[in-house]
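I opened the coordinates today and went through them by topic. My notes follow, in the order I looked things up.

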Amino acid sequence: MHAEIGTYARQGFGATLPLVGPVGLLIVDFVNGFANPEVFGGGNIAPAIARTVPLLAHARANSWPVAHSRIVYADDDADHNIFSLKVPGMLGLKEHGHDSAIVPALAPRAGELVVRKTVPSAFFGTSLSAWLSQRGVQTLVVAGCVTSGCVRASVVDAMSYGFRPLVVSDCVGDRALAPHEASLFDMQQKYAAVMPLDEALGALAGLPGR
């Protein structure tokens with residue numbers, strides 16, 4: 001248990017977030033570059049990818065709307081921005097590059113949205129919120145990487161747009177475990193429900209996907 005949990009509890013953080021249908025799934029940036037420790041990966045990202053395989057299969061079997069996100073910059077770097085100033089290597093993620101492609105184990109199927117973005121949040125400047133709303137999604141299950149970056153940014157925006165985020169704790173990963181754990185704690189206290197896959201699937205049982 002987090003050492004400061006008493007402070008959060010006294011101040012009214014960490015309330016239970018009721019989960020209601022319809023349910024959707026967002027998989028954030030599980031691309032080859034983040035699966036590779038020599039590029040942007042490391043930490044517990046590989047196990048999180050492996051754990052997301054059955055989550056994605058469950059989502060498809062239950063007709064949940066599924067969205068994926070990728071970081072993709074223009075071939076001529078015309079959309080170079082503050083994010084790529086801070087992390088210049090991001091400019092290597094191009095539309096047809098190997099590192100920007102979604103990992104084969106989680107490859108999108110027809111009818112699943114693929115969001116291209118140049119900032120951490122999958123919502124900022126994209127059609128994701130409208131796409132989910134058109135499909136009636138109320139609870140948004142979130143997997144992906146990295147927990148302290150693009151996952152957290154997407155979760156905060158999901159909550160801001162009125163979706164109920166459910167972060168699947170063993171289906172998100174980070175290149176360093178300390179920011180991963182801190183971000184899970186923070187999201188659970190302020191923005192989202194957070195639980196491991198088996199518990200999440202139990203909590204969602206019987207809720208419609210569409």
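**Entry 1: the sheet.** I count two strands as paired if DSSP finds at least two bridges between them. The model is predicted, and I read it as such.

**Entry 2: the S2 and S3 pair.** Next I checked how S3 is held. Strand S2 covers residues 66–71 and pairs with S3 in the parallel sense over 5 bridges. I looked up isoleucine 71 and found lysine 117 of S3 as its bridge partner.

**Entry 3: salt bridges.** How many salt bridges does the whole structure hold? My search gives 9. I followed up three of them.

I went back to lysine 117. Its side chain meets that of aspartate 29 in a salt bridge, 2.9 Å from N to O. Lysine 117 sits in strand S3, and aspartate 29 in the loop between S1 and helix H2 (32–35). They are 88 residues apart, so I wrote this down as a link between distant parts of the chain. Are the two partners buried or exposed? Lysine 117 is buried at 2% relative accessible area, and aspartate 29 is buried at 1%. The cut-off for buried is under 20%, so both values qualify.

Arginine 70 came next. It forms a salt bridge with glutamate 95 through their side chains, at 3.2 Å from N to O. Arginine 70 is in strand S2, while glutamate 95 is in the loop between helix H4 (82–86) and S3, so the pair ties together parts 25 residues apart in sequence. Arginine 70 is buried at 6% relative accessible area. Glutamate 95 is partly exposed at 27%.

**Entry 4: arginine 51.** I found arginine 51 in helix H3, residues 45–61. Which residues does it touch, leaving out those up to four places away in sequence? I get Asp170, Cys171, Leu197 and Asp198. With aspartate 170 it makes a side-chain salt bridge of 2.9 Å, N to O. Arginine 51 is partly exposed at 29% relative accessible area, and aspartate 170 is partly exposed at 25%. Salt bridges with shared partners join Arg51, Asp170 and Asp198 into one network. As a distance check I took proline 18, which is 33 residues from arginine 51 along the chain. Their C-alpha atoms are separated by 24 Å.

**Entry 5: aromatic rings.** Last, I searched for aromatic pairs and found 5 in the structure. I then looked for clusters. Tyr8, Phe13 and Phe185 form one.

Terms used. Residues are numbered from 1 along each chain as its sequence is written. This is a predicted model: local features need pLDDT of at least 70, side-chain atom pairs count only at pLDDT 80 or more; totals for chains, interfaces and linings use all residues. Side-chain values use heavy atoms; hydrogens and water are left out. Rings of Phe, Tyr and Trp (its six-membered ring) pair if their centres lie within 6.5 Å; planes under 30 degrees apart count as stacked, over 60 as edge-to-face and the rest as tilted. Helices (H or I, at least four residues) and strands (E, at least two) are DSSP runs, numbered from the N terminus. Contact means heavy atoms within 4.5 Å. A salt bridge is a side-chain nitrogen of Lys or Arg within 4 Å of a carboxyl oxygen of Asp or Glu. Buried means under 20% relative accessible area, exposed over 50%, partly exposed in between (1.4 Å probe, protein chains only).
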